[in-house]
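Notebook open, structure loaded. I'll jot things down in the order I look them up.

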Amino acid sequence: MSDSESDWASEGSKKSVHSEPAEFYAKDYMDPPPAPLIDIEELCKWSLYRAIICEFMAALLFQYINVATVIGYKVQASADQCDGVGILGIAWASGGMMFVLVYCNTRISGGHINPAVTFGLMLTRKVTVGRAVLYMTAQCLGAIVGTSIVKGTMKKHAYNSNGGGTNMVASGYSHGTALGAEIIGTFILIFVVFSSTDPKRNAQGSNVPLLMSLPLGFTLFAVHLATFPITGAGLNPARSLGAAVIYNQDQAWDDHWIFWVGPLVGALAAAVYYHYNPRHEIIKPLLDSFEDNPSN
C-alpha cells in the first residue's frame, strides 16, 4: 500500500470512529417498475393469451369444485343434518383447490383466478389495465362454464332445489352485515396475496409459487368458515356471477351487487393498506417526528 493510500485509510478509520453513525437505506432486493396503464405491445405476445387461457381453465376448475361441493353438501344435509361434508368440508374444498391451482398457474398467469385479486394488482400497477380486463373476462367466462358443467352432470331437481350453488344473503342477516363480511373477507385474502408476492420474499430465497399458494389456500379456508353462514362465502365476483348466470332466478340476482361491491372494495382497501402502511416512505417521516428523542 502506498503512503497516500495508507494516509487515506488512516484518515477514513478516524472518521469512522469519530463521525456520527450514518443511516443506510440500501436494500438487498429490487422493486419491479410499475406496469404501464396501457401496453399495446403486450397484446401481440402469445404469453398474454396463454395466461388468459390459464385463467379461464383455473376459474372453470375452481368453480366446478366449489359449486358441486356446496350443492352436494346441501343435498346430503337435507336428508340428515349430520350427513355430508359440512361447512368445514366446503372450506377445505375451496382452500385446497385454490392452493393447487395457484401453485400450478403462478408461473404462467400469476394465478389470480379471482377478479378481486386482479383488480387489486391492477390498482398497485402490477398488471396493465388491458391484461386486467382480459383476465377478469376470462375468469367470469370460466366460472360460467364451470357452473354449466355442474348443472349438466347433476340431477335437475338437486340443482334447482338447492339454489344452483349461488351466493345469497342468508336469512336473518342484513345487507350491511353481508357487505361487511364480503369486504373484510376479501381484504384478508388480498392482503395475503400482496404479502406472499412481496419482492422481499425473492431476496430471502423463498419459493414464490409455494409461498403464495399455501398461505392463500389456508386463508381461503379460514375466511370460508367465517363468511359461509352469512353470504355463502362469495369473495370472488366470478364465482358469484357464474353461479347466478346459470341458475338465473330472481333470488340469485336480488343481492348480487353485494358480491361485486364487497370484494372490489376489500381489494381496494388491501391495496391501500399494504402499499401505504405506517412504515411507508411517505408516512415514515411523520411517524419518526413523534418518536422520543434519545438525547432527552
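Entry 1: I started at S109 and listed what it touches: leaving out residues up to four places away in sequence, the contacts are A51, C54, E55 and Y135. One of these, E55, also shows up in my polar list, with its side chain 2.6 Å from that of S109 in a polar contact. For the record, I'm working on a predicted model.

Where does S109 sit? I find S109 in helix α3, which covers residues 86-109. Buried or exposed? The relative accessible area of S109 is 7%, and the cut-off for buried is under 20%, so S109 counts as buried.

**Entry 2: the whole chain.** I then zoomed out. Of the 296 residues, 43% come out as buried. I also checked how far apart in sequence the contact partners are: taking contacts between residues at least 6 apart, 79% join residues at least 24 apart. The accessible surface is about 16,000 Å², and carbon and sulfur atoms own 63% of that.

**Entry 3: helix α10.** Next I went through α10, residues 237-247. How many of its residues are buried? I get 10 of 11, so the helix is mostly covered, with buried meaning under 20% relative accessible area. The buried set includes R239 as well as P237, L241 and I246. I looked up what these buried residues pack against, and the partners are α2, α4, α5, α6, α11 and α12.

At the start of α10, a side-chain oxygen of N236 comes to within 3.0 Å of the backbone nitrogen of A238. Just after the helix, N248 has a positive phi of about 55°.

**Entry 4: α4 against α12.** Two of the partners of α10, α4 and α12, also meet each other, so I ran the helix-pair numbers, given that two packed helices are described by the angle and the distance between their axes. The axes of α4 (residues 115-123) and α12 (residues 258-275) come within 9 Å and cross at roughly 35°. The crossing of α4 past α12 is right-handed. On the α4 side, the contact uses A116, F119, G120 and L123; α12 brings P263, L264, A267, L268 and A271. I sorted this contact by class and got 8 nonpolar residues, 1 polar and no charged ones.

Technical notes
Residues numbered from 1 in each chain as written. Predicted model: local features only at pLDDT ≥ 70, side-chain atom pairs only at ≥ 80, totals over all residues. Heavy atoms only, no water. Axes fitted to C-alpha atoms, helices over the stretch in contact; angles between N-to-C directions. Helix = DSSP H or I, 4+ residues; strand = E, 2+ residues; numbered from the N terminus. Left-handed = near helix turned anticlockwise from the far one by under 90°. Contact = heavy atoms within 4.5 Å. Nonpolar A, V, L, I, M, F, W, Y, C, P; charged D, E, K, R; others polar. Buried < 20%, exposed > 50% of the residue type's maximum accessible area, 1.4 Å probe, protein only. Polar contact = N/O pair within 3.5 Å; in protein donor to acceptor, adjacent residues only side chain to side chain. Areas by Shrake-Rupley, 256 points an atom, 1.4 Å probe, with all protein chains shown as cover.
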